[in-house]
Amino acid sequence: MEYIFTLKYQLPEDAGLDDVVERLGAAGCDDALIGVGLTGRIAMNFSRDADSAKAALFSALEDVKRAVPGAKLIEAAPDFVGLTDVADLVGMSRQNIRKLMVHHAATFPTPVHEGSAAVWHLADMLSWLQLKGAYEIAASVADVAVLTKQINLANAAPMLLPAMQREVQALLA
Amino acid sequence: MTRTAHPNKEIEAALRHAEAKGWRVKVGGSHAWGRIFCPFNSSECRCGEFCITCIWSTPKNAFSHAKAICRVVDHCAEQKQLKLVQSKRAE
């Protein structure tokens with residue numbers, strides 16, 4: 001199946017952009033559209049053929065690691081989403097999804113961040129919508145969302161101070 | 001049109017679609033056939049990375065590559081804004 005996802009990286013400071021793009025092409029990332037519009041960064045929109053979402057995402061991470069060893073993953077997408085993003089992905093209107101949120105306030109997924117804009121994990125939203133039934137969600141999209149969430153969590157985990165880990169987790173349990 | 005055409009006809013069609021929306025196509029590279037540049041280049045843009053997008057000369061799957069190019073062009077925030085303004089004017 002074809003899995004569509006985006007990996008965003010911070011490039012090592014001394015990396016030449018043309019060189020990086022050529023190396024990625026040689027490393028098998030020629031199934032990704034590469035965006036280079038922001039200085040020091042690349043975004044790779046993969047359309048990767050694989051047996052599973054895990055195989056697709058992991059092989060892509062591996063290819064990039066091999067081609068550009070110092071590159072630091074910023075984000076795997078789609079994971080952090082607003083209501084509009086979810087609406088676009090599922091093919092419903094933003095108003096419709098907002099209505100669902102208001103009517104099912106008790107069970108609706110809790111956002112990661114709430115403020116001038118609210119942000120959710122796409123995987124949480126999709127599994128909730130799937131439980132509600134009536135919404136057709138492509139298996140490949142749902143599988144990718146589960147993986148991108150795990151990858152982003154794993155990417156952030158090293159920032160957690162070991163001294164804090166036990167104490168804070170006990171407080172949150 | 002003075003630039004060289006992309007050897008793949010699906011990708012060439014996607015590039016023409018981009019040009020029709022005001023994107024600039026620049027040819028050059030080896031694995032990379034060239035790049036496309038968003039006409040707006042706005043600091044407000046939310047899809048910033050893809051304001052400059054690399055095009056492969058022989059992607060793994062030309063059809064998927066062409067589709068991805070169209071996705072970038074059509075999802076451009078400025079483009080959407082423009083569409084909104086135009087539809088409001090039409091009303």
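User: How do I tell that two strands pair?

Analyst: Two strands pair if DSSP finds at least two bridges between them. Strands themselves are DSSP runs of E, at least two residues long, and helices are runs of H or I, at least four; both are numbered from the N terminus. Take strand 1 and strand 3 of chain A: they run antiparallel and are joined by nine bridges. One place to look is Y9(A), whose bridge partner in strand 3 of chain A is I42(A).

User: What kind of model am I reading, and how are its parts numbered?

Analyst: This is a predicted model: local features need pLDDT of at least 70, side-chain atom pairs count only at pLDDT 80 or more, and totals for chains, interfaces and linings use all residues. Residues are numbered from 1 along each chain as its sequence is written, while chains are lettered from A and ligands numbered from 1 in the order in which they are written.

User: Which residue stands opposite Y9(A) in strand 4 of chain A?

Analyst: L73(A) does. Strand 1 and strand 4 of chain A pair in the antiparallel sense, over five bridges.

User: In what order do the strands of the open sheet run?

Analyst: Read it strand by strand. The order is 4(A)-1(A)-3(A)-2(A)-3(B)-2(B)-1(B), seven strands with antiparallel pairing. The edge strands, each pairing on one side only, are strand 4 (72-77) of chain A and strand 1 (24-27) of chain B. From one strand to the next, the twist averages 25°. As a general point, side chains in a regular strand alternate between the two faces of the sheet.

User: Where do the chains join within that sheet?

Analyst: Look at strand 2 of chain A and strand 3 (residues 52-56) of chain B. They run antiparallel and are joined by two bridges. I34(A) has C54(B) as its bridge partner in strand 3 of chain B. Within chain B, strand 2 and strand 3 pair in the antiparallel sense over five bridges. There, F37(B) has I52(B) as its bridge partner in strand 3 of chain B.

User: How many residues of each chain are in contact across the interface?

Analyst: A contact means that two C-beta atoms, placed from the backbone, lie within 7 Å. By that test, 20 residues of chain A touch 20 residues of chain B. On the chain A side, strand 1 (2-10), helix 1 (17-26), strand 2 (32-35) and strand 3 (41-49) each supply at least two residues. By class, this side has eight nonpolar, five polar and seven charged residues. Here Ala, Val, Leu, Ile, Met, Phe, Trp, Tyr, Cys and Pro count as nonpolar, Asp, Glu, Lys and Arg as charged, and the others, Gly among them, as polar.

User: Is R35(B) buried or exposed?

Analyst: Count C-beta atoms, placed from the backbone, within 10 Å of the residue's own: 20 or more others is buried, 12 or fewer exposed, and in between partly exposed. R35(B) is buried because it has 22 C-beta neighbours inside 10 Å. R35(B) sits in strand 2 (residues 32-37) of chain B. Leaving aside neighbours within four places in sequence, R35(B) contacts K26(B), I52(B), T53(B), C54(B) and I55(B). For chain A, 28% of the 173 residues count as buried.

User: How do I read the packing of two helices?

Analyst: Use the angle and the distance between axes. Axes are lines fitted to C-alpha atoms, for helices over the stretch in contact, and angles run from 0 to 180 degrees between N-to-C directions. Helix 1 (residues 9-20) and helix 2 of chain B pack at about 10°, with axes 8 Å apart. Angles under 35 degrees count as roughly parallel, over 145 as roughly antiparallel, 65 to 115 as roughly perpendicular and the rest as oblique. These two helices of chain B are therefore roughly parallel to each other. Their contact has ten nonpolar, two polar and one charged residues.

User: Which strands does helix 2 of chain B touch?

Analyst: Helix 2 (residues 62-75) of chain B packs on the sheet, touching strand 1, strand 2 and strand 3 of chain A together with strand 3 of chain B. Its buried residues include A66(B), I69(B) and V73(B). The cover over the buried residues of helix 2 of chain B includes helix 1 of chain B.
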